[in-house]
Amino acid sequence: MYGTIRGIGAALCITLGVMFGYMSPGANAATLSKEDVQRLAGDTYVVGEVQPDMPAWPLFAAHAAQPEAKPELKAYAFESNDFASVRGYSGKPINIFIIIDLRGRFLDTQLLDHREPIFLRPEGTAKLQAYANQHKGLTLRHSIQLGRPSDTPSHNSQFAYLAGVQTGTISAKAISRTLMTAAANVATAAHLTIPEAQATPIGHSEAPADTTGKDAAKDAMKDSAKDTAKDSSKDAAKDTAKDGAKASAKDAKADISTSTVAPNAGPDLRRDATGNPSASVDASRAVDPSSGRPAATGNNGDSMSMGSGATDTAATDAAELAHAGRQGPAENNAMAGAAISTAANADEPDWLAQWRERRSDIVIVLVALVLLTAALLAQQRFSSHPRRLRVLRTLYLLFTLGFIGWIAQGQLTIVNVTAGLESLAVGDDLSFLMNDPISVILWIFTGITLLVWGRGTFCGWLCPFGALQELVSLMANAIGVRQRRIRAAVDAKLKWVKYGLLALIIVSAFIAPGFASWAVEIEPFKTAISLYFVRSWPYVLWAAACIALTVFVYRGYCRYICPLGAALASMSFLRRWAWLPRRAECGKPCQSCRHRCEYQAIEPSGAIQYRECFQCLDCVSIYQDEQRCLPLIREKKRKPAVINIQPVRELA
Ligand code: SF4
Ligand code: SF4
């Protein structure tokens with residue numbers, strides 16, 4: 001037995017070692033120097049000095065026709081973290097090097113740093129970079145719709161239809177929102193005027209009412225293309241005039257040797273102690289970097305005024321751009337075809353659109369949770385027939401794996417826990433979790449049932465990876481492979497391993513976040529559920545090893561390794577009821593349930609360790625079974641045999 005355990009342990013450790021060795025950190029956090037910006041911007045531009053009150057670098061270029069003439073201000077380069085803090089799936093912002101021209105058009109978008117868990121490997125980062133690249137050529141006023149990864153990107157002057165990122169929709173939407181919000185804030189601060197011909201009118205959207213589908217997006221593009229064509233000559237003339245006036249005004253102020261941006265370049269957006277843009281912004285023009293919304297000023301956009309109290313075009317632009325930031329792309333459906341649209345009501349939170357668009361998934365999951373609750377409340381009736389219990393439980397686990405896991409992508413993960421703790425530790429809220437409605441619903445349900453029934457409700461019924469293991473065990477049983485029971489003393493020691501791993505992940509999330517983002521890879525959920533096993537071979541090997549373990553040790557990964565299971569189990573002190581029925585004879589003398597509990601969650605005394613119980617209801621079924629429950633067997637034997645006596649008349 002010890003030899004087997006040692007062999008399995010060694011194999012898992014080697015697999016883990018290979019996987020960690022294969023991983024490398026993602027891009028590092030960056031605070032760019034002028035040299036860095038020059039390198040990133042390339043030879044096309046000469047980088048000016050960053051303004052102390054606006055962390056954006058002016059980019060100058062020589063006049064093509066008059067190389068001797070004074071270089072012109074052409075664009076601004078900046079890091080998105082200085083102007084927006086849109087949080088991705090990891091709960092951390094994605095830092096992007098951005099160049100926009102003086103008309104708010106994206107010229108370059110380069111990922112500097114991110115913590116998106118699925119994309120930490122270079123090839124993952126490359127996928128996010130490829131997504132960010134699709135924004136080049138768009139302006140900060142485009143309505144963006146996110147398509148499937150295989151779709152062909154296209155755009156017109158108002159709408160852009162981008163190819164999504166496989167299993168990275170939340171990350172992709174975070175990138176779009178980051179770009180739009182940061183660019184809107186820079187445009188506001190730098191008094192840029194975005195050509196109106198390029199823009200969806202601010203304050204209302206011309207997007208069709210249903211912007212969730214590809215067809216809607218394309219129709220909208222067709223319509224707006226017509227409108228744009230109609231107005232193009234008029235607007236082109238207007239733009240040229242505006243740009244000319246603006247360029248000369250800038251030329252008067254911007255000198256490459258002194259590299260000043262407009263002296264009254266607007267809001268003071270210096271980083272504060274937390275690294276966010278400072279709040280010392282002219283209140284009338286402030287934009288909240290976390291949401292891209294205008295800071296609460298008591299004024300609406302129309303009545304915004306400059307510091308002097310005068311209303312001018314720049315203030316109107318600022319208001320509009322702030323509004324553009326406010327209506328920046330909302331993160332929507334986690335699956336393909338979702339829209340990042342400006343059509344949403346400006347006053348509703350961004351995540352609401354996600355919930356609306358995933359309402360059918362939400363309804364299915366809610367119905368499944370209601371059914372599960374009913375089954376657990378009526379546990380004795382539900383488990384009164386062992387065969388029926390097995391069939392219903394297997395069907396539910398198939399639903400959990402297929403729908404909750406692979407279709408709705410509702411696998412809860414320790415990444416949610418670490419991201420939430422990190423956010424709370426720095427004073428942020430947990431609103432970023434709202435972008436994933438299925439996970440939010442499952443977390444709420446798990447939280448409530450933790451109080452009532454313990455961790456078993458989630459681990460036993462709702463965890464897709466747990467369901468996958470159990471189904472594999474059942475298949476192994478069907479072909480005659482039985483799992484081995486671990487000796488009680490060894491089992492008790494091995495169960496502590498998962499708590500050690502949990503502690504390692506949580507502590508490292510605070511003191512070594514880079515390591516923590518590797519350590520969470522101990523969970524094979526991403527590989528097996530989120531990425532359908534389409535991933536680099538070391539990850540697939542690790543996931544396969546965790547699944548193979550269950551062939552030999554029932555739900556071995558859950559019982560000994562899973563940090564999320566450990567996190568839920570460690571909350572078991574919150575449970576208020578010992579709800580599984582027991583008899584005085586449980587443990588002494590009867591050990592029937594204990595020997596049949598595949599999870600080894602029943603102590604020799606007959607007491608149930610709720611921390612380790614997966615609520616499979618097998619023991620409830622045994623409790624009422626006159627063939628398996630010893631006290632019932634005895635009672636049955638003690639009962640005098642009943643002879644069915646029928647009246648003689650009837651026999652005749
Ligand atoms: S222990 Fe982990 S893998 Fe197993 S069911 Fe619970 S959360 Fe899922
Ligand atoms: S058989 Fe074991 S795991 Fe299943 S409900 Fe009973 S104690 Fe819990």
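**Exercise 1. How many of the eight residues of strand 5 (residues 106-113) are buried, and what does strand 5 pair with?**

Before we start: this is a predicted model, in which local features need pLDDT of at least 70 and side-chain atom pairs count only at pLDDT 80 or more, while totals for chains, interfaces and linings use all residues. Residues are numbered from 1 along each chain as its sequence is written, and chains are lettered from A and ligands numbered from 1 in the order in which they are written.

Step 1. A residue is buried if 20 or more other C-beta atoms lie within 10 Å of its own, exposed if 12 or fewer, and partly exposed in between, with C-beta atoms placed from the backbone. Helices (H or I, at least four residues) and strands (E, at least two) are DSSP runs, numbered from the N terminus.

Step 2. Six of the eight residues of strand 5 are buried, so this strand is largely enclosed by the rest of the structure.

Step 3. Now look for its partner; strands pair if DSSP finds at least two bridges between them. Strand 4 (residues 95-101) runs antiparallel to strand 5 over six bridges, and Asn 95 has Asp 113 as its bridge partner. Four residues lie between the two strands in a hairpin, where Gly 104 in the turn has a positive phi of about 75°.

**Exercise 2. Check helix 14 (464-478) and find what covers it.**

Step 1. Test its length. The expected span is 1.5 Å times one less than the number of residues. For the 15 residues of helix 14 that should be 21 Å, and the end C-alpha atoms are 21 Å apart, which agrees.

Step 2. Look at burial. Among the buried residues of helix 14 are Pro 464, Phe 465, Gly 466 and Ser 473. Their cover includes helix 10 (386-407), helix 13 (456-462) and helix 18.

Step 3. Go just past the end: Gly 480 takes a positive phi of about 95°.

**Exercise 3. Describe the shell around ligand 1.**

Step 1. Collect residues whose C-beta atom, placed from the backbone, lies within 6 Å of the ligand. Those around ligand 1 include Cys 459, Cys 463, Cys 558 and Cys 562.

Step 2. Assign elements. Helix 14, helix 19 (556-560) and helix 20 (563-569) each supply at least two residues of this shell.

**Exercise 4. Locate the largest nonpolar core.**

Step 1. Such a core is a set of buried Ala, Val, Leu, Ile, Met, Phe, Trp, Tyr and Cys residues joined through C-beta atoms within 7 Å.

Step 2. The largest has 73 residues, and Ala 567 is one of those that touch the most other members. Helix 18 (residues 537-552) gives the most to this core, with six residues.

Step 3. A second, separate core of 58 residues includes Leu 32 and Tyr 76.

Technical notes: Two residues are in contact if their C-beta atoms, placed from the backbone, lie within 7 Å.
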